[in-house]
Number of protein chains: 2
Amino acid sequence: MNASPVTFGDRIRAAFDTRGRLCVGIDPHDALLDQWGLDVTAGGVRTFGLRVVEAAAGHCAIVKAQVSFFERFGSAGFGALEEILAAARAAGIIVIADAKRGDIGSTMDAYAQAWLAPGSPLEADAVTLSPYLGVGALQDTLRYAVSQGKGAFVLAATSNPEASGLQKARVSGGSTVAGSVAAAVTAFNAETTPAGSWGSIGLVIGATVDPTDRGLPGFLDPIAPILAPGFGHQGARSEDRETIFGRLAAAVIVAESRSILAAGPHRTALARAMDDRQSTEGMIGD
Amino acid sequence: MNASPVTFGDRIRAAFDTRGRLCVGIDPHDALLDQWGLDVTAGGVRTFGLRVVEAAAGHCAIVKAQVSFFERFGSAGFGALEEILAAARAAGIIVIADAKRGDIGSTMDAYAQAWLAPGSPLEADAVTLSPYLGVGALQDTLRYAVSQGKGAFVLAATSNPEASGLQKARVSGGSTVAGSVAAAVTAFNAETTPAGSWGSIGLVIGATVDPTDRGLPGFLDPIAPILAPGFGHQGARSEDRETIFGRLAAAVIVAESRSILAAGPHRTALARAMDDRQSTEGMIGD
């Protein structure tokens, strides 16, 4: 039986088949704002984000908004982010809020409300989460996401060199921290996902990470999406997807930001950069 | 030579001597909003926060705003938070934004701008940070905080049971993750703090944590503040401050939320609850 595309994981899988696995970052760095002729203000990041969404419509299935670049302008920045998230969702684009939130109890519940509750001003399709307080502390949020047809991506192994000490630390039983995060998320998906569907709780694994070095478990089959930053500007290439992720490469969302955004500010040039990237790297229906 | 109270750490130390070590949480849970007769809206959390600030003025040196309870209302919630942070700082109260942010590079810089830049709409005196990507990934933010006379608190050991696996994992060299975070922050303070001053980068250590079990290093003298949630409603008592933190007890900010806030909504009752707590627990000038 083929499950209908109802879980967030299934929506991602369906998007891969028809519209490709490219995820464009909405990352309004100062340098990019300047290049696009925009001010470093809430108004500037608003125009920037809306233009990326306009270009992505029909050319890219997934966008990822980097929350910090909006948060720096306080409520005005969040107002801009609300408009951008809503415009993307209205255009049928899957929206990931890259917020890396992580806390406990009712505090964590409030973050889930912020990013995943239907009708919330900041409603996205998925949010990134940070597990320093334990994946267990995120369980209620993960369950809430599944119950709402939403998703989440839990940080597992990141590419920055400063991360290696903590993420390679050994938990009781011998696996690495990164490996234990991956195992906990995999177990959660196994428990909560209907047969034939993809799970809705993904992992963040940098595209330039050595998975063996980080102690990531030998995965067999893709059962949930993997959000992989590090392609494009940061140096990872399409080949790396196969090398790093093996059979799991089929589950990888290719997150790129500067390599696409540098083609702006014009909508058609941005859209062409997205198309080129997806076709030359064989990202659609592979 | 006695350094003048210029570092954030020195401001905390001076506040302990004259106004006590109590830090009241601005945590507008739904249940508290209901008890106070306020709506679960941006307007409700705004009134809640402003009332806590009004009660704290002259009765409590430090407040800690739990960002998630505002973020759930999007830009309107952040607008309320801006007003509350500004009112607290105008009243001479030291404001900690409990945001638990953590990322890398320019993304992390943007979070530093959001919470620590003078003149930012969300300007606080200090922000809490999460080190899953490594304390090294936070270094630029820590340096920025010091350069602006601001502070930060890095999550080290939290009280929730789900945290123990990750925080007790062993890094290369044998210390625990929590211990290595504490060591990195201590080294940072040693490097950046003038003689005679307290460092401005604190740790978050739950008041009900067993420090030996978490592998926290044997501290000798307090050199930077410690933010310790878990007092009051969560069960830790003043005696625990000595038992857990030893000589470091002198550096502990006693964070309480529900145990104080339950005395609301009236300003005088809230202020009395703060006074009572500080006097019965000997929190001023000890």
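**Exercise 1.** In which strand is Ile62(A) found, and does this residue count as buried or exposed?

*Solution.* Start with the strand. Ile62(A) belongs to strand E2 of chain A, residues 62–66. The model is predicted. Next, take the cut-off: a residue is buried if 20 or more other C-beta atoms lie within 10 Å of its own. Now apply the count. Ile62(A) has 27 C-beta neighbours inside 10 Å, so Ile62(A) counts as buried.

**Exercise 2.** Which residues does Ile62(A) touch, not counting residues up to four places away in sequence?

*Solution.* The list is then Ala15(A), Cys23(A), Ile93(A), Ile94(A), Ile96(A) and Ile253(A). For a distance along the chain, take Gly206(A). Gly206(A) and Ile62(A) are 144 residues apart in sequence, and 17 Å separates their C-alpha atoms.

**Exercise 3.** How many residues of chain A are in contact with chain B, and which helix supplies the largest share of that side?

*Solution.* Count both sides. In chain A 45 residues are in contact with 45 residues of chain B. Then look at the helices. H4 (68–71), H5 (74–90), H6 (105–116), H8 (164–167) and H9 (177–192) of chain A each give at least two residues to this side. H6(A) supplies the largest share, six residues. Finally, sort by type: 19 are nonpolar, 19 polar and seven charged.

How values were computed
Residues numbered from 1 in each chain as written. Chains lettered and ligands numbered in written order. Predicted model: local features only at pLDDT ≥ 70, side-chain atom pairs only at ≥ 80, totals over all residues. Contact = placed C-beta atoms within 7 Å. Helix = DSSP H or I, 4+ residues; strand = E, 2+ residues; numbered from the N terminus. Nonpolar A, V, L, I, M, F, W, Y, C, P; charged D, E, K, R; others polar. Buried ≥ 20, exposed ≤ 12 C-beta atoms within 10 Å, placed from the backbone.
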